[in-house]
Amino acid sequence: MLKVMSSRFLCLLAFLAAPVMAQQVTLPLPRLLTVMPMGGQVGTTVEVAITGESLEDVTALQFSSSKITAKPVLDPAGKPVDNKFSVTIAPDAPAGVHDARVVSRLGISSARAFTVGKLAEVVRTKPNNSVETALALAPNSVCNATMTKRAVDFYSFLGAKGKRVAVDCAAVGIDSRLTPVLILADAQGRDLKVNRTGGVIDFTPPADGTYLIKVNDLTFQGGDRHFYRLALQEVNGSAPAPRQAQTQTVSAMSWPPAGLTPSAAASETEPNDKAAQAQKITLPCDIGGSFFPAADVDTYEFTAKKGETWWVEVASERLGLNTDPFVLVQRVTKTGEKETLTDLAELYDIAGPMKVSTNGYSYDGPPYDAGSPDVNGKFEIKEDGTYRLQVRDLFGGTRNEPGNVYRLIVRQAAPDFSLASWAVHMTLRNGDRASLSKPLALRAGSSVAFEVAVIRRDGFDGEIDLSMEGLPAGVSAAGLKIAKGKSYGHMIISAASDAKNASGIARMMGKATINNATVVRPCPVASMEWPVRDAKGEIPAPRLMADVPVSVTDSEPAPITITTAEDKVWEAKAGETLKIPLKIAWRNEFTGTSIKVKAYGDGFTTLKEFDIPIKAATHEAVLDLAALKTPPGDYTMAFYSLGISKYRYNPAAVPLAEAAQKKAEQEVAAMAASAKKLTADAANAPAEKKADADSAAKSAAEKQKQAEATMAEAGKRMKAVTDAASPKDTVDIIVSTPVRISVKAAQVAAADSAPKK
Amino acid sequence: MMRWKSRFIANALAAWMLTLAAAPVGAADTPRPLTFVNDIVPILTKTDCNSGGCHAKAGTGQRGFKLSLLGFEPQEDYEHIVKEGKGRRVFPPAPEQSLLVLKAASIVPHGGGKKVDPKSENYQTLVRWIREGMVYGSDKDARLIAIDVEPKRLSMRVKTTQQLKVTAKYSDGSSRDVTHMALYEPNDKSMAEAGEEGLVRTLDIPGNVAIMVRYSGLVSVFSVSIPLGAPVDHLPAAKNFVDQFVFANLKQIGVPPSPVCDDSTFLRRVSLDIAGRLPTLEETRAFFASPDPDKRDKAIESLLSSPDYADYFANKWTALLKNKRDEAADITANFAFHAWMRDSLLANTSYDQIVRQILAATGTIVANPAVAWYKRVKEPNQQLEDVAQLFLGVRMQCAQCHHHPFERWSQHDYYSLSAFFSQVGRKPTAIAGEDLIFHKRGVAQTENKKTRLPVKPAALGQPTLDIPPDEDPRLQLAGWMSSKSNPFFAKALVNRYWKHFFKRGLIEPEDDIRDSNPATNPELLDALAKHFADNNFDLKSVVRVITQSRTYQLSAMPNEHNAVDRQNFSHYYPRRMQAEVLLDAIDQVTGAKSDYADLPPGTRAISLPDNSYNRASPFLKVFGRPEGASVCECERVQSSSLAQSLHLMNAADVKAKLAASNGRAESLARAEMPEPKRIRDLYLAAFSREPDAEEIRIGETFVVKPRTDAKGKPLDTQRAKRQGYEDLLWAIINTKEFLYNH
């Protein structure tokens with residue numbers, strides 16, 4: 001993986017990068033960027049407009065729920081209108097955030113959140129940046145809008161005295177770059193109540209009348225990326241103010257544990273802040289509680305026996321809350337009335353499986369964090385006795401938020417695991433790290449690598465086999481297993497060089513043997529919400545995707561394909577040298593003299609970097625199993641590198657655009673001739689036919705004008721596609737197809753090194 | 001004791017002892033041997049040897065000879081004088097030849113000049129002490145336990161003198177007159193002077209002044225009340241306790257107050273002070289027209305409930321809380337923090353809660369903007385110093401390195417306060433340079449950098465706390481601060497706010513509250529603090545009680561007696577508008593709009609979230625908008641300068657505002673109303689008052705006169721008139737009446 005790239009390798013990158021400052025990072029991938037509106041009401045059909053990048057020939061808009069379907073919007077002539085779809089949301093479509101994506105020339109795009117709810121929806125169509133232009137909102141409705149830079153959006157509603165309403169602005173949780181500020185004001189715009197921390201305004205009008213809602217970005221940013229959904233809802237009684245659904249953070253990959261009931265078996269009972277008020281519980285337990293009020297401490301007391309080991313898991317941050325739970329377990333001993341507390345365990349965060357990028361000067365890890373501030377740890381009982389367990393929120397000292405709930409589980413070991421996966425990212429120049437969203441849209445002949453990270457539960461440390469199902473025709477995947485005790489592996493997904501256009505919804509999963517039973521767990525895929533091109537200036541925002549769409553395109557091939565000469569299992573004995581002949585197809589022109597190659601996959605990560613000369617059609621990879629110390633067993637590995645090649649974006653569009661331009665030119669010429677003729681005719685027409693002739697001449701002039709406009713458009717398009725199709729230095733990760741290797745036990749050492757799996 | 005190494009010195013010592021035995025003088029007069037602590041350190045202090053500028057210069061001392069500041073570390077000083085450099089500074093066989101004496105008397109060249117005269121008692125004492133063998137002193141010696149100044153309190157007429165007597169009291173019951181050895185310092189040098197020998201002389205300003213008297217680390221105060229002695233026959237009817245205390249003081253010192261100001265002055269004054277803006281034309285007209293006897297109180301309420309109040313005071317607080325833009329990426333943190341402060345004020349969150357949320361902030365900035373304070377103020381020492389100065393009015397900086405010279409705070413007190421911040425945990429976030437803050441479990445303690453011993457938390461003047469490792473010590477600190485019995489918290493705030501409304505704090509500087517710097521009206525300060533605490537630290541209640549008082553509403557025009565008054569609030573002290581307020585006021589009067597980066601058009605200068613806008617606005621810079629670098633209000637420059645005058649008269653941005661399209665000059669020139677009415681509107685907008693007949697006449701004559709362009713070509717009537725109004729506006733914004741809140 002990239003993290004272990006040698007400094008030499010990075011130096012090379014820097015060297016390669018230096019003379020070509022304008023080089024492109026990663027081959028273009030289809031990305032869906034905005035969807036307007038960003039959601040709809042169940043049982044309705046809405047017209048949706050999309051924008052994106054590297055999108056052409058968009059043929060379909062798809063959703064992660066089969067209850068949401070879309071058809072292209074047709075013009076009066078029955079021709080599909082570009083980037084517009086009519087989306088039908090079935091009455092039984094599940095409420096919540098779904099993923100939308102489009103199918104395009106390059107395949108299936110990255111996802112964009114699409115919310116389905118029960119409230120009526122509107123789209124703001126006119127600017128509403130002042131009190132006077134406030135858009136009137138009906139109660140129990142959602143408005144879809146985009147923020148204007150350096151502006152405040154105004155809404156108004158009629159409030160009834162004593163009738164409680166909740167104003168909630170969804171933005172961060174639906175892929176928006178907006179950090180929403182909500183202000184509730186009187187009819188003159190004088191502020192009454194404010195929320196700037198992504199929360200909700202819970203408001204009971206003191207009098208009947210018009211009230212205003214102001215929305216802006218925290219730093220008054222705006223533009224297409226700053227979209228939001230503003231919901232105004234009436235709330236009955238004292239129920240918590242309703243919130244709109246949001247996507248899941250990467251940390252949520254480890255919650256809930258398999259088989260957990262949706263709600264806790266018991267709940268905390270206040271007061272339980274002090275030792276004397278400790279809530280008596282028996283283990284195991286499953287308790288729901290809240291970090292409320294400020295500086296809340298929840299203390300539980302139980303008895304336990306020597307030799308017992310208990311596992312503690314707390315979920316709060318993984319529920320989408322801004323909390324940092326902490327658990328302290330203490331033993332209670334008494335001498336007379338005097339109580340002594342002895343610390344048994346302090347349980348802090350769930351460590352991430354991989355070191356996360358520090359967003360510093362250079363790349364030092366993936367920009368994804370599967371760890372969490374939540375708790376997952378254990379304590380061991382050394383003596384029979386009474387024990388206390390405290391739960392507190394390390395962020396909760398001054399924060400009074402009743403919605404900051406947690407779930408505390410204390411259980412006997414239930415070994416298990418949770419997985420999440422993401423595309424391998426790369427860096428180029430120091431401090432210029434791109435964190436791009438990478439949909440699984442493959443080019444024929446390409447292979448991509450995904451890191452698969454595991455959070456292990458309750459002492460499970462066995463190996464995990466990784467696999468994928470449901471791949472479209474022409475696409476295959478091989479998991480490079482997560483070895484015993486390790487925290488990540490890889491998934492290599494490859495498209496055959498002769499693959500045809502295809503797409504489908506795949507599943508990624510991991511399989512392990514736990515307590516002699518086979519356990520299979522799903523592996524959700526994480527991606528960036530936005531293609532962040534410089535993570536120093538913009539904070540990358542990753543999230544879990546709803547599912548795993550995969551596509552392959554034959555519109556253009558991969559710049560390079562590295563495969564083994566034969567599709568077979570390569571065998572060798574431990575300690576031997578294994579030579580694997582590679583076939584390399586160079587389709588684009590590469591920069592430099594060679595590419596530096598390393599390896600992914602347990603047993604081979606320490607492979608010494610080797611060079612493959614540019615344009616070499618074959619190369620022999622030499623694996624020194626003695627140096628690698630690869631123990632006997634069956635392995636899958638892959639080679640990877642980084643290369644800069646000349647890439648032409650959609651050159652096929654150039655002749656088409658050229659033809660269109662030519663046609664437009666001819667049309668203009670024809671129209672001009674016709675107009676000239678008709679004008680002359682009109683000038684010479686007899687008086688009784690003068691009116692008709694004038695009219696015909698006018699009409700021809702109009703048509704000529706239209707044709708000229710079309711020609712100008714065609715000219716612009718021609719320039720755009722020609723520019724895009726001109727060769728650009730493009731750096732990308734190169735991954736070989738997976739290589740299967742079987743290492744047999746060396747005969748001499750057979751006695752003392754039994755084959756290990 | 002002393003390490004005499006050479007035989008020569010041993011012999012010399014023997015000879016000297018003989019000399020001593022033979023010496024009849026002194027021994028008989030003063031049987032008590034002189035000690036370093038009781039007799040020499042006071043000399044070093046009195047003669048400035050151990051001042052920060054001389055041998056107590058931090059780190060280095062002076063030319064290799066280092067003393068502790070004001071003698072707070074006598075043991076170290078003794079080592080340096082007697083033992084350092086092989087004892088080269090003292091020569092007991094011939095005490096007058098000791099380097100210490102030769103330098104002090106400038107007999108050999110001394111950078112500090114002549115500090116003791118060979119004929120003086122101090123000289124004799126030094127010589128005798130060396131002759132006596134340079135006794136340090138022992139535990140059995142009498143310890144200095146108190147100093148008494150007599151008289152303690154006195155009423156003195158202007159330009160009179162009073163000799164003080166200072167007596168040092170020792171643990172053995174003895175006492176000494178140390179008048180000539182004590183140090184004297186008035187807290188307001190414009191009111192009184194104090195001579196080296198304790199002679200106090202009042203100047204010509206009436207009021208209260210305190211002379212701080214210091215001797216050997218102890219501090220006492222001589223309080224002087226300087227009456228003017230004028231008859232105080234007419235006092236406005238007191239509206240609340242503020243007036244009772246202020247008027248009682250005025251009566252006592254004989255300074256008659258000015259009358260209560262008129263409605264127009266009041267409305268303009270209170271709008272500027274609470275909302276940081278001029279009253280609108282509509283507000284002014286409505287206020288004038290209202291016959292309601294409570295209309296002043298109602299205007300105060302209306303201003304207090306407006307977002308302008310929150311904007312204006314957030315501007316004040318965020319600068320003090322160092323909301324400073326160092327890098328472009330700070331924008332999110334700064335906007336969030338500023339907005340959080342503004343929202344807290346808008347919601348009228350109690351002051352103790354606001355402080356608690358800053359002090360004990362945890363989490364990330366976007367989720368809990370108060371955390372941004374920990375981004376700006378990173379080190380525990382800086383944290384305690386800022387908290388003490390800003391929220392308690394106590395300057396602890398000195399006590400980091402030595403005992404506070406004017407205060408009871410020691411290094412131990414300093415580190416005890418620092419220990420509250422010892423468990424602030426930090427974790428990096430995805431945003432470069434921004435940590436998230438959490439309470440790190442553990443026993444709160446910090447190391448005293450002097451003694452290298454661990455120190456547990458203790459609030460100022462409070463016992464040491466044993467805080468369980470699970471509790472965030474900062475919450476305990478916040479709890480102590482906001483307890484009603486806290487001697488600093490409420491006082492510091494009301495004094496700060498008093499200054500906001502009256503130009504001068506009851507204690508000056510407003511954040512230097514100490515026994516040796518008493519308030520000019522201590523009863524009033526106590527009453528205000530009590531009012532604030534009793535109202536659960538409701539900030540608006542402080543503003544309300546101040547602005548409702550007749551004292552606040554007194555005219556700025558002095559009467560025949562009180563012009564000289566600078567601190568008794570017998571009349572309103574006019575102040576130049578602050579940079580932001582002035583810029584907004586010019587915008588408001590000219591009808592122009594300033595434009596600020598990243599903020600919606602129409603944003604006012606008082607709503608700017610951080611200091612970054614000072615760079616782009618020469619106006620804000622010239623008029624002293626603070627940079628958020630310090631917790632001191634003094635960072636805001638309120639003095640006047642030539643640059644300010646020139647800017648108002650000539651700067652391009654001001655000129656552009658005068659000529660703003662759709663601005664006031666243009667619309668007045670176009671307005672369909674008679675000239676006098678237009679001039680009236682202009683005066684109402686700028687001064688919140690009607691012009692008098694003469695002003696109308698002058699204005700009208702000026703506006704309607706024919707004008708020519710730059711080439712001398714006559715302008716058409718409309719353009720001439722517009723230019724006339726631009727010029728009139730220019731004249732108005734350059735008047736003191738406009739520039740000042742009065």
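How accessible is Arg131(B), in terms of relative accessibility?

Author: This is a predicted model, in which local features need pLDDT of at least 70, side-chain atom pairs count only at pLDDT 80 or more, and totals for chains, interfaces and linings use all residues. Residues are numbered from 1 along each chain as its sequence is written, chains are lettered from A and ligands numbered from 1 in the order in which they are written, and side-chain values use heavy atoms, with hydrogens and water left out.

Arg131(B) has 26% relative accessibility and counts as partly exposed (buried is under 20% relative accessible area, exposed over 50%, partly exposed in between, with a 1.4 Å probe and protein chains only). Its salt-bridge partner is Glu96(B), with the closest N and O atoms 3.4 Å apart (a salt bridge is a side-chain nitrogen of Lys or Arg within 4 Å of a carboxyl oxygen of Asp or Glu). This pair links distant parts of the chain: Arg131(B) sits in helix α5 (residues 121–131) of chain B, and Glu96(B), 35 residues apart from it, in the loop between α3 (74–87) and α4 (99–104) (helices, H or I, of at least four residues and strands, E, of at least two are DSSP runs, numbered from the N terminus). Glu96(B) is also partly exposed, at 32%.

Elsewhere in chain B, Arg426(B) forms a salt bridge with Asp435(B) at 3.3 Å between the closest N and O atoms. Arg426(B) is partly exposed at 28%, and Asp435(B) is partly exposed at 23%.

In chain A, Asp729(A) and Lys646(A) form a salt bridge of 2.9 Å, N to O. Asp729(A) is buried at 13%, whereas Lys646(A) is partly exposed at 31%. Over all chains, the structure holds 106 salt bridges.
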